[in-house]
Amino acid sequence: MTLRLVEFVVAGNEASDLLPVRSPAVLAAHRARRGFWTVLDEGPVEQCLALLLEHDDGEWSALHVDADAGTENGRTEDGEALAHHDGWVYVFGSHFGSKAGPLRPRRAFVARFREDDAAGGRLPVRVVRNRFRLHRAVNDALAAAELTTLPPGQRVRERFIAETVARGTARAKGWVSRFAEGDLPLNVEAAAFTPHGTVLLGLRFPVTTDGEPILVEVAGVPEMFDGGNWPRALGAYALTGVTPPGALTGFRALVPLPDGGYAAIVGSIDALGKGSVLLDDHPHGGDVTSRHVRFRLEKAAGHLVPGELVADLAPFHHVEGLAEADGRCWYVTDEDHRVALWIG
């Protein structure tokens, strides 16, 4: 596959995920024939939304979106996944931590905004922080599923689970009660709504003992924003047939397709050379190139979903976003201090 590179500088930061703009009002406001949302790494969600726009003359530009999360300004970090549902754009936090732990409550959030509202003025963003309720629900679903997750090493348990509980206990945080013996740290990297209004969350970690990436179906995400209700996990699935022999792969991106199927990027469980405790315990999960795959959930045999390889994206190790439309593919890669969009 031959790819063309378009580079942007957006607030001096790299990009996570890629979501096509569906709002005609947003495209018209920026004289664009095509656009993509992306979310920038690490900072508060209201400071990390950006548009990548292809204008009517074929030129590209990037826009750092002016957004306001109200009382939640500055209280989130590390938005990783974007998804459309019912006119809203949802942003999912990683629910993870730094590469050496512990888990961070600021990353356990979901935000959303009306896409049409991005056509002009400051964009209002609503944030709900779940204080590890999603951690609990997903861990329970993984424990109940007929699949076996890769056991984390002792350092991972200590840095991500034990240290999180110790810090929460020292600060008298109520969310400590949502942790249990044997919990796995979650790294949410991908999300897509199903036609039923549930969400498929693609996990970068954990993976199965066979190194396969895991999906968890979650209900009740939109209801979080109506007050009082919290998401519940309906089940967990392993995507089979897409992991190279002897490797570990997690989800990096996930998108619904018009035919009812899904496309995804799978790749390494963490980045090389950045002090990852996960890779200290599981070194064969790092030097893995990205793969573009497809699958259909209705073809699942129990908890196993067969996948098919679309393209091996070697030598890329860090594809973070994917879009398919008009017979073309768009990929965004995690680059230091820039946004790199690759068009195929």
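These legends describe close-up views of a predicted model. Local features need pLDDT of at least 70, side-chain atom pairs count only at pLDDT 80 or more, and totals for chains, interfaces and linings use all residues. Residues are numbered from 1 along each chain as its sequence is written, and side-chain values use heavy atoms, with hydrogens and water left out.

**View 1. Strand 4 is largely enclosed by the rest of the structure.** Strand 4 covers residues 49-55. Helices (H or I, at least four residues) and strands (E, at least two) are DSSP runs, numbered from the N terminus. Seven of the seven residues of strand 4 are buried; buried means under 20% relative accessible area, exposed over 50%, and partly exposed in between (1.4 Å probe, protein chains only). In a regular strand the side chains alternate between the two faces of the sheet. Here Leu49, Leu51, Leu53 and His55 point one way. Ala50, Leu52 and Glu54 point the other way.

**View 2. Strand 4 pairs with strand 3 and with strand 5.** Two strands pair if DSSP finds at least two bridges between them. Strand 3 (residues 32-40) runs antiparallel to strand 4, with seven bridges joining them. Arg34 has Glu54 as its bridge partner in strand 4. Strand 5 (residues 60-64) is also antiparallel to strand 4, over five bridges. Ala50 stands opposite His64 of strand 5. Four residues lie between the strands in the hairpin of strand 4 and strand 5, where Gly58 takes a positive phi near 90°.

**View 3. Aromatic rings meet in pairs and in a cluster.** The whole structure holds 12 aromatic pairs. Rings of Phe, Tyr and Trp (its six-membered ring) pair if their centres lie within 6.5 Å; planes under 30 degrees apart count as stacked, over 60 as edge-to-face and the rest as tilted. The rings of Phe96 and Phe160 are stacked, because their centres are 4.8 Å apart and their planes at 20°. This pair links distant parts of the chain, 64 residues apart. Phe96 sits in the loop between strand 8 (88-93) and strand 9 (109-114), and Phe160 in helix 3 (residues 154-170). Phe96 is buried at 4% relative accessibility, and Phe160 is buried at 0%. Phe8, Phe36, Trp60 and Trp330 form one aromatic cluster.

**View 4. Arginine charges sit over tryptophan rings.** A charge sits over a ring if NZ of Lys or CZ of Arg is within 6 Å of the ring centre and within 35 degrees of the ring normal. The charged end of Arg112 lies over the ring of Trp88, 3.8 Å from its centre. Arg133 has its charged end over the ring of Trp230, 4.1 Å from the centre.
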